[in-house]
Amino acid sequence: MTETLYLPVIVGSTRRGRQTPRVALFMHRRLAGRPGVESRLLDLAEYALPIMEERLHKREDPPPGLEEFGEQIRRADALLIVTPEYNSGYPGVLKNALDYLLPQYRRKPVGIVTVSAGPWGGLSALSQLRQVLLSLGALPIPARLPVERVDSTFTAAGDAADPAYERRADRFIDELLWYTEALAARRALDRDEQTDRHGR
Ligand SMILES: Cc1cc2nc3c(=O)[nH]c(=O)nc-3n(C[C@H](O)[C@H](O)[C@H](O)COP(=O)(O)O)c2cc1C
């Protein structure tokens, strides 16, 4: 695969004093360090999307930032979502953002990293988010990367206090890129076929 793969990282927490960006920064740096990969942080706190009244493709008056958010997801080859666990689920702000779009997710692999203050790593949020992503037509990958006790395992600058997280993150990124490359290759074949058909 010679084309650059685009994998934006969605920061799923907007809470005041939030810690999820520590992990998002860490993942973003490791992902962007891979050859042939372009990445960018999509911070839901910066997008500040209002409560969803209708999906982007049905809106004539999209709220500020929504078209740009949609474009990032449209051009993505895969997504990496870094989400906190709130009350055994994922935050409403993340669901609100996801619900704005639909065709943009189709057949795209999604890696989910869950962040928790406690010792369980947010695995309840993981299973719920996987189910929602399947409904959106995306493909949550089987690999998981639960982050426990985020305040002591990651620094504010996005460094892992425990090097085990670096190894785990790299294995997780290997998996995500495997699916990303496989599906991007298939999409490229589909595009070539379409060009051939219309060229004739
Ligand atoms: C409303 C709320 C509910 C939470 N529920 C859980 C939970 O169910 N399980 C858990 O491990 N941590 C829970 N936490 C702690 C978060 O995982 C913790 O705040 C962590 O730092 C990640 O979220 P953050 O980005 O908001 O900081 C909760 C935090 C909030 C604000």
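R149 lies in the loop between strand β8 (145-147) and helix α6, where helices (H or I, at least four residues) and strands (E, at least two) are DSSP runs numbered from the N terminus. The structure is a predicted model, in which local features need pLDDT of at least 70 and side-chain atom pairs count only at pLDDT 80 or more, while totals for chains, interfaces and linings use all residues. Residues are numbered from 1 along each chain as its sequence is written, and side-chain values use heavy atoms, with hydrogens and water left out.

The phi angle of R149 is near 40 degrees, a positive value in a residue other than glycine. Most residues other than glycine have a negative phi. R149 is partly exposed, its relative accessible area being 40%; buried means under 20% relative accessible area, exposed over 50%, and partly exposed in between, with a 1.4 Å probe and protein chains only. A positive phi, of about 60 degrees, is also found at R107, which is not a glycine. R107 belongs to the loop between α4 and β6 and is partly exposed, with a relative accessible area of 46%.

The loop between α4 (92-99) and β6 (109-115) also holds P103. This proline counts as exposed because its relative accessibility is 51%. The C-alpha atoms of P103 and G137 are separated by 7.9 Å, although the two residues are 34 residues apart along the chain. In helix α4 itself, L94, N96, A97 and L98 are buried. The buried residues of α4 pack against β2 (9-11), α2 (44-47), α3 (66-75), β5 (79-84) and α5 (123-135), contact meaning heavy atoms within 4.5 Å.

Two further prolines lie in strands. P84 is found in strand β5 and is buried, with a relative accessible area of 4%. Apart from neighbours within four places in sequence, P84 is in contact with G12, S13, T20, G89, Y90, P91, V115 and A125. P146, in turn, is located in strand β8 and is partly exposed, with a relative accessible area of 21%. When residues up to four places away in sequence are not counted, P146 touches T114, G121, L123 and Y165. P146 and R22 are 124 residues apart in sequence, and their C-alpha atoms are 14 Å apart in space.

Aromatic contacts were examined next. A pair of aromatic rings is described by the distance of the centres and the angle of the planes. Rings of Phe, Tyr and Trp (its six-membered ring) pair if their centres lie within 6.5 Å; planes under 30 degrees apart count as stacked, over 60 as edge-to-face and the rest as tilted. A search of the whole structure finds 4 aromatic pairs. In one of them, the rings of F154 and Y165 have centres 5.2 Å apart and planes at 55 degrees, so the pair is tilted. F154 stands in the loop between α6 (150-153) and α7, whereas Y165 is in helix α7, 11 residues apart. F154 counts as buried at 2% relative accessibility, and Y165 counts as buried at 4%. Another pair is formed by W178 and Y179, whose ring centres are 5.2 Å apart and whose planes stand at 75 degrees, so this pair is edge-to-face. W178 counts as exposed at 56% relative accessibility, while Y179 is partly exposed, with a relative accessible area of 27%. F26, F154 and Y165 form one aromatic cluster.

Two packed helices are described by the angle between their axes and the distance between the axes. The axes of α1 (residues 20-32) and α7 (residues 164-199) come within 10 Å and cross at roughly 60 degrees; axes are lines fitted to C-alpha atoms, for helices over the stretch in contact, and angles run from 0 to 180 degrees between N-to-C directions. The two helices are therefore oblique to each other, since angles under 35 degrees count as roughly parallel, over 145 as roughly antiparallel, 65 to 115 as roughly perpendicular and the rest as oblique. On the side of α1, F26, M27, R30 and L31 meet Y165, E166, A169, D170, F172, I173 and L177 of α7. By class, this contact has 8 nonpolar, no polar and 3 charged residues, where Ala, Val, Leu, Ile, Met, Phe, Trp, Tyr, Cys and Pro count as nonpolar, Asp, Glu, Lys and Arg as charged, and the others, Gly among them, as polar.
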